[in-house]
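Please look over the model shown here.

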Amino acid sequence: MDNFDLRGGVLHAEDVALPAIADAVGTPVYVYSTATLERHVRVFRDAIAGLGNGDPLVAFAVKANPNRAVLATLARAGMGADVVSGGELYRALHAGMRPADVVFSGVGKTADEMAQGLSAGIGQFNIESEPELDMLSAVASAMGKVAQIAIRVNPDVIAGTHAKISTGGKENKFGIGYDAAPAAYAHAASLPGLKVRGVAVHIGSQLTDLAPLEAAFGRVGALIATLRGQGHAITHADLGGGLGVPYEPGKPLPPTPADYGAMVARATAGWDTRLMFEPGRLIVANAGILLSRVIRVKQGASAPFVIVDAAMNDLLRPSLYDAWHDIRAVAPTGETVPANIVGPVCETGDTFALGRAMDVVAADDLVAFMTAGAYGATMASTYNSRALVPEVLVSGDAFAVVRERPPIEALADADRLPPWL
Ligand code: LLP
């Protein structure tokens with residue numbers, strides 16, 4: 001569910017007509033709904049309420065949408081943060097996420113990033129290899145601190161999602177192999193700068209079937225029992241993110257948060273741990289759209305090309321993962337036609353949809369790419385020397401620019417000429 005609806009024939013974000021945002025800020029522009037963000041946090045929290053020991057920690061996967069205003073909205077709604085870089089850590093802390101509610105994930109944390117996390121007093125590092133255990137212990141000891149850790153295990157479960165966002169197979173770079181985990185825990189327990197507290201798992205993103213998640217959690221449960229048998233105090237279990245969202249109208253819906261919660265209740269019964277979650281897409285995807293204007297319509301061999309002013313540099317998912325985003329006219333006439341929707345970037349991969357039955361649009365009309373709040377603006381680039389796409393947050397009848405569109409001169413003028421030119 002989202003808060004982007006037709007009112008009087010015009011698509012609105014909450015109480016704001018999208019043409020008003022296009023007029024004020026220009027296009028392309030991402031538009032987020034506060035009400036949808038808050039609703040998604042509530043729905044997810046309700047789905048997992050009462051599970052595990054104490055209040056579950058819901059740590060938003062910042063990579064999905066690191067805009068400070070979005071993070072601040074989520075922080076106010078009680079979310080922590082799952083971060084994977086010093087930059088994300090900085091953003092989460094500056095948006096008001098409590099350090100104790102921050103988890104630091106990722107296979108390539110540097111010593112500097114570890115030190116940043118330790119200085120901030122974050123709640124947990126999720127460790128993905130034995131050399132990383134050694135490095136974190138050394139960094140923490142040098143600072144006179146002890147890092148609380150979980151080890152991310154690779155459960156060797158195939159998530160059944162796009163290969164580029166599948167992480168839980170034994171050939172993937174993520175986590176410590178399931179069979180190697182007990183030895184890694186023994187190693188961690190021997191290191192002075194570490195306090196072992198948990199087990200973490202994350203098998204992939206945009207999962208539309210709960211079975212692989214349940215299989216992975218089953219393996220985590222067995223591992224917790226083994227580790228306790230070996231004397232480790234496992235008090236936390238981090239179940240990662242990954243629950244998919246509906247992108248394509250008319251396709252079977254992915255499991256709901258309530259379905260997910262019921263599965264987690266089953267899978268974690270008797271674990272006697274605090275549960276932690278790292279949802280990203282589920283919280284922000286349907287809370288955002290990319291608003292774009294049609295530049296012109298060009299005749300094609302079999303269908304017209306609708307050339308819009310958003311491109312692959314603004315929304316990379318269709319080019320990178322063949323992802324499907326619903327594309328709607330902001331003021332639909334009710335008539336549809338098969339069309340190819342493309343951006344201005346000079347490569348054929350800059351294609352959002354081919355032969356798509358889509359609202360009839362003409363030059364200067366506005367279109368909205370739906371379900372673009374996750375992995376949208378954050379993956380944008382300036383390819384083709386296009387300005388970085390701005391972002392707007394709506395709340396009720398108010399809207400604010402929460403990231404400016406930088407002048408293109410700022411990008412070009414950041415280049416320097418060497419002395420010989
Ligand atoms: N935790 C960890 C350790 C992760 O690596 C991720 C996502 C998440 C949580 C959040 O997963 P989510 O709940 O959002 O599925 N750019 C891709 C998605 C990459 C996901 C990377 N990791 C896309 O646009 O589909």
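Which residues does Tyr260 touch, not counting residues up to four places away in sequence? Tyr260 touches Phe44, Leu210, Leu213, Phe217, Leu239, Gly240, Leu243 and Phe277. Contact means heavy atoms within 4.5 Å. This is a predicted model: local features need pLDDT of at least 70, side-chain atom pairs count only at pLDDT 80 or more, and totals for chains, interfaces and linings use all residues. Residues are numbered from 1 along each chain as its sequence is written, and side-chain values use heavy atoms, with hydrogens and water left out.

**Cores**

The largest nonpolar core has 101 residues. Those with the most contacts inside it include Tyr260, Phe217 and Leu74. Such a core is a set of buried Ala, Val, Leu, Ile, Met, Phe, Trp, Tyr and Cys residues joined through side-chain atoms within 4.5 Å. Buried means under 20% relative accessible area (1.4 Å probe, protein chains only). Helix H8 gives the most to this core, with seven residues. Domain 1 (4-32 + 285-413) and domain 2 (34-281) both contribute residues, so the core lies between them. The domain bounds come from an automatic or database domain assignment. A second, separate core of 18 residues includes Phe4 and Val394.

**Helices**

Helices are DSSP runs (H or I, at least four residues), numbered from the N terminus.

| Helix | Residues |
|---|---|
| H3 | 68-76 |
| H5 | 111-120 |
| H6 | 130-142 |
| H8 | 211-229 |

The axes of H5 and H6 come within 10 Å and cross at roughly 55 degrees. Axes are lines fitted to C-alpha atoms, for helices over the stretch in contact, and angles run from 0 to 180 degrees between N-to-C directions. Ala111, Met114, Ala115 and Leu118 in H5 meet Glu132, Met135, Leu136, Val139 and Ala140 in H6.

Methods
Buried < 20%, exposed > 50% of the residue type's maximum accessible area, 1.4 Å probe, protein only. Helix = DSSP H or I, 4+ residues; strand = E, 2+ residues; numbered from the N terminus.
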